[in-house]
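User: I have a model open and want a quick walk through it. Can you take my questions as they come?

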Amino acid sequence: QNETRKKLLMIFTEANGDWVSGQNISEKLGCSRTAVWKHIEDLRQEGYELEAVRRKGYRITKVPDKISGNEIGLGLQTERLGRFIHFEESVDSTQKIAHKLAYDGMKEGTIVVAEEQISGRGRLDRKWHSPKYTGIWMSVLLRPNLPPPKAPQLTLIAAVAIVQAIEEVTRLQPNIKWPNDILLNGKKIVGILTEMQAEADKINSVIIGIGINVNQQLEHFPEELQTIASSLLIESGKTYTRAKLIQVILAKLEKLYDQYLQHGFLPIKLLWESYALSIGKQIVARTITGSIKGVAKGITDDGVLMLEDKDGKTHYIHSADIEM
Ligand code: BT5
């Protein structure tokens with residue numbers, strides 16, 4: 001199956017954008033015309049665009065944008081982040097692999113990137129939809145020398161880095177919804193999942209999972225996401241090279257992370273607030289223990305959300321889903 005696919009792609013590569021007849025393909029592959037049609041459909045599923053015209057045959061009009069370790073590595077402007085890249089076509093979840101690599105002692109800055117996740121995860125075991133060749137599904141391994149309660153700050157740092165990178169690459173202006181969503185025109189384009197391995201007073205590793213919808217069309221999303229999710233393509237009408245976006249994210253993240261390790265959270269906090277959506281607004285925070293309604297006052301120096309209820313009492317929210 002895989003061999004046939006390779007041969008077929010070779011045939012189209014040699015044709016260099018020209019038509020190849022079905023007859024020709026079936027002879028070269030040694031299979032029936034019906035089987036050829038089936039292989040062509042498989043290519044379409046993978047993101048190739050092909051024209052089919054009677055008596056002319058087939059030709060490729062668009063090759064999917066693919067990521068590989070090489071493409072991310074070439075021209076990467078970081079010292080630590082992304083200097084080791086674990087790349088795979090298809091995985092359960094890049095988080096799972098990164099946890100294992102962390103446990104095995106891999107260095108800070110190691111990243112795991114996949115073209116597709118079969119069971120991509122959100123918080124609280126929610127699903128993260130991660131279709132092939134369209135988005136960025138990546139986990140970044142950090143080993144900050146910090147006490148465990150500081151780990152959530154890294155989610156906020158990652159959010160700022162991603163917003164800055166998207167601004168630079170696309171000229172769009174996304175916003176952050178506390179704690180881990182990045183939105184464009186009110187729709188979610190990025191989700192961040194920060195997990196850690198720690199001892200009582202020391203972080204061993206933090207794994208920042210980043211999911212970005214880049215080149216999806218609306219119909220790529222399952223129906224239940226179509227009203228709440230979007231992609232950079234949908235919002236701008238343009239496709240983007242994902243490897244390039246990854247490079248810029250890693251560069252921004254490394255810079256902010258170093259700044260954070262040297263000077264603490266305060267400088268980042270100010271940046272974060274400048275991108276935040278909910279500050280000063282009436283919101284509902286749904287936590288595991290119940291819902292609290294109030295005005296979002298900002299975040300503390302530790303990145304905890306401050307919510308003032310109608311009686312003027314301030315609630316400190318460590319983890320919640322926010323409705324605006
Ligand atoms: C998140 O969770 O937003 C964190 C998502 C992190 C994904 C990355 S991808 C690389 C790494 N490997 C993984 O397995 N995960 C990380 P949460 O705030 O719980 O939001 C989850 C909710 O977002 C779901 O319940 C859906 O409603 C919605 N959702 C799912 N897939 C989406 C998508 N592709 N785009 C926008 N929204 C989505």
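User: What kind of model is it, and how are residues numbered?
Analyst: This is a predicted model, with residues numbered from 1 along each chain as its sequence is written, local features needing pLDDT of at least 70, side-chain atom pairs counting only at pLDDT 80 or more, and totals for chains, interfaces and linings using all residues. Side-chain values use heavy atoms, with hydrogens and water left out.

User: How many helices and strands are there?
Analyst: The protein chain has 10 helices and 15 strands. Its C-alpha atoms fill a box of roughly 75 × 40 × 35 Å, taken along the principal axes.

User: And what share of the residues is buried?
Analyst: 48% of the 324 residues count as buried. Buried means under 20% relative accessible area, exposed over 50%, partly exposed in between (1.4 Å probe, protein chains only).

User: Now the open sheet. What is the strand order?
Analyst: The order is S14-S13-S12-S11-S15, with antiparallel pairing. S14 (314-317) and S15 (321-323) stand at the edges with a single partner strand each, so one side of each has no neighbour in the sheet.

User: By how much are neighbouring strands turned against each other?
Analyst: By 45° on average, direction ignored. Axes here are lines fitted to C-alpha atoms, for helices over the stretch in contact, and angles run from 0 to 180 degrees between N-to-C directions.

User: Which residue in S13 is the bridge partner of Val295?
Analyst: Glu308. Strand S12 (residues 290-299) and S13 pair in the antiparallel sense over four bridges. They form a hairpin with five residues between them, and Gly303 in the turn has a positive phi of about 90°.

User: Which S13 residues are on the covered face?
Analyst: Leu305 and Leu307. Met306 and Glu308 make up the uncovered face.

User: New topic. Which residues are closest to the ligand?
Analyst: Ser93, Arg121, Arg126, Lys188 and Asn213 are the closest of the 27 residues that surround the ligand. Near means that one of a residue's heavy atoms lies within 4 Å of the molecule or strand.

User: What polar atoms face its oxygens?
Analyst: A backbone N or O atom of Arg121 lies 2.7 Å from a ligand oxygen atom. Arg126 has a polar side-chain atom 2.8 Å from an oxygen atom of the ligand. For Asn180, a polar side-chain atom is at 3.2 Å from a ligand oxygen atom.

User: How much of the ligand does the protein bury?
Analyst: 92% of the 800 Å² that the ligand exposes when taken alone. Accessible areas come from the Shrake-Rupley method with a 1.4 Å probe; for residues, only the protein chains shown count as cover.

User: Is S8 (residues 181-184) buried or exposed?
Analyst: Buried: Asp181 and Leu183 point one way, Ile182 and Leu184 the other, and all are buried. S8 also pairs with S7 (residues 175-177) in the antiparallel sense over three bridges. Asn175 stands opposite Leu183 there.

User: Last one: where is Glu108, and what does its side chain contact?
Analyst: Glu108 is in the loop between helix H5 (94-103) and strand S4 (111-121). A polar contact of 2.8 Å joins its side chain to that of Tyr257. A polar atom of the Glu108 side chain also lies 2.6 Å from the backbone nitrogen of Arg143. A polar contact is a pair of N or O atoms within 3.5 Å; within protein, one must be able to donate a hydrogen and the other to accept it, and residues adjacent in sequence count only if both atoms are side-chain atoms.

Technical notes
Two strands pair if DSSP finds at least two bridges between them. Helices (H or I, at least four residues) and strands (E, at least two) are DSSP runs, numbered from the N terminus.
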